[in-house]
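Please examine the sequence and the structure shown below. The paragraphs that follow lead through selected features, from single residues to the contact between chains.

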Amino acid sequence: MTQAKFSRGLVPLSIVSVVLLVGGFAMVFFYAPNEADQGFVQKIFYLHVPLAIVALFGFVAGGVYGIRFLRSGDRTYDLRSYVAIHISLILAVGALITGSIWAKASWGSWWVWDEPTLVSFLIVFLLYACYQPLRFSIEDPERQARYAAVFAIVGGAFVPLNFMAVRAAESLVHPRVLSTTGGAMPGSMRVTFLVCLAGMALLFVTLNKYELTSKQATFALRALKRRLAGDDDWVPIRRSAAPQL
Amino acid sequence: MAALVRKDLRAELRTGDTLPAMALFSISTFVLFHFGLDARSLEGDLAAGVFWVTMLFAAVLAVNRQFVAEREEGGFDGFLLAPVDRTSLFLAKAAVLFVFLVALQVVAVPAFAILLLEPSPGPGLPELIGLLLLADAGIAAVGTLVGALAVQTRAREVIVPLLVLPLMIPVVIAAARGTAPLWLEAGAAAVEGRWPLILGLYDLVFGLLAYAVFDYLLDE
């Protein structure tokens, strides 16, 4: 078994990401200035934007793991791809909700259609929401892994292309946070934002590791149980959207 | 590959499984839009949007049917036994879907012009054909990939639209925005260059991608 492979360094990583996130949010409230235009509400930005950016990178990472799975046939890459997309989906829900709250507060309505970043994010979310149903509807685990990898690769390529198309179609209301001009953020805001982004990215990595470790423990437990019960009366594995090693 | 294309086209000619359904479906949808929007005629943005959404839904019908014969009649096994490159199946299926879409539009564009479109599509016709072909290529590539992905799943009819519709949003955006100026009440205006560009980029990226990963969708 590849025991303790995913769980290595989990404790220090968790501590660092908690410290960084808490520190980042402390900076949001005590260090970064209130935005002149929107005031206090703008502070949701330090949560919303890192959530969205990390989720998108997570989707792309799922695609990269998909490629590696198809190339190597190593099932752990399928697991990594699954977990990356799974956690990204959760972050994406958070990004959509915080984005909606922010839109209500600063533009006056819960949803703004002429808002390319929000809209393209919704499209990406809708696409990836099909990932688990797709996996679930394929019974053969080997085929499930292969098809899911194909989906992850196509989705990963779709993310940037979709953003381009939507952005070309819509006007520019959304502030460009990380554009080449730096979005005209004052220094203290930018530092705070970068700390929050780093914290969120670390949180993503930590959550990934937790899920991977937990899955691995489940597999190990199942293998042990099967050995204990003998080959005669082991319980067949329940059909599942998650990869089975 | 040519043999595969011929096989599919002949099957379609003999059975009429897909194309008549697509054409009928599009015309019904135009009628539905007439009542749904309570509009005698459409122009500009709205006309382009109605037209392209209808085309997309009709394409979903074709994608649903695409690999059914292969699966039910054991065509996949026959194909895998044959000493040919696996991606030729992708190319053949995508080519057939492309032909279906073009054939559909030969019917649907005049029908749309008669039923709903206010200005005559005549003046902007060359540009329209260019946009149609570019969009069809993208729909064919992605549709074939999703069709192959979905045919092995238990919930094929559900999975296809769920996957195709979000993936096609860039096509709809670019095609509809590109078509809108051709169908203006005041007469056709020029198409902005970025829409065909986005369509072309989409075709290129997803064509290559689908070509690269299609191998993994065939097994046994």
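Which residues does A:Lys215 touch, when residues up to four places away in sequence are not counted? In this predicted model, the residues concerned are A:Leu79 and A:Ala242. A:Lys215 itself lies in helix α7 of chain A, which covers residues 187-229. A:Lys215 has 19 C-beta neighbours inside 10 Å; a residue needs 20 or more to be buried, so A:Lys215 counts as partly exposed.

The chain around this residue may be described next. Chain A contains seven helices and zero strands, so that its pattern along the sequence reads α-α-α-α-α-α-α. It has 245 residues, of which 38% count as buried. When contacts in chain A between residues at least 6 apart in sequence are considered, 80% of them join residues at least 24 apart.

Confidence in the two chains deserves attention before further detail is read. The mean pLDDT of chain A is 81, with 84% of its residues reaching 70 or more. Within chain A, residues 178-182 have a pLDDT below 50, and this stretch has two contacts in the model beyond near neighbours in sequence. Where pLDDT is low, the predicted coordinates should not be read in detail. Chain B averages a pLDDT of 83, and 98% of its residues score at least 70. For the complex, the predictor gives an ipTM of 0.77 and a pTM of 0.80.

Is B:Ala92 buried or exposed? B:Ala92 has 22 other C-beta atoms within 10 Å, and because the threshold is 20 or more, it is buried. Leaving aside neighbours within four places in sequence, its contacts are B:Met1, B:Leu4, B:Val5 and B:Asp8. Of these, B:Met1 is 91 residues from B:Ala92 in sequence, yet the C-alpha atoms of the two are 5.7 Å apart in space.

Helix α3 of chain B (residues 44-66) and helix α7 of chain B (residues 125-151) have axes that come within 9 Å and cross at roughly 40°. The crossing of α3(B) past α7(B) is right-handed. On the α3(B) side, B:Ala59, B:Val63 and B:Gln66 take part; they meet B:Ile139, B:Gly143, B:Thr144, B:Val146 and B:Gly147 in α7(B). The residues of this contact comprise four nonpolar, four polar and no charged.

Finally, how many residues of chain B are in contact with chain A? There are 25 such residues in chain B, and they are in contact with 25 residues of chain A. On the side of chain B that touches chain A, α7, α8 (156-179) and α9 (194-213) of chain B each supply at least two residues. The largest share of that side, 10 residues, comes from α8(B). By residue class, the side of chain B that touches chain A divides into 19 nonpolar, two polar and four charged.

Conventions: Residues numbered from 1 in each chain as written. Chains lettered and ligands numbered in written order. Predicted model: local features only at pLDDT ≥ 70, side-chain atom pairs only at ≥ 80, totals over all residues. pLDDT = per-residue confidence, 0-100. Axes fitted to C-alpha atoms, helices over the stretch in contact; angles between N-to-C directions. Helix = DSSP H or I, 4+ residues; strand = E, 2+ residues; numbered from the N terminus. Left-handed = near helix turned anticlockwise from the far one by under 90°. Contact = placed C-beta atoms within 7 Å. Nonpolar A, V, L, I, M, F, W, Y, C, P; charged D, E, K, R; others polar. Buried ≥ 20, exposed ≤ 12 C-beta atoms within 10 Å, placed from the backbone.
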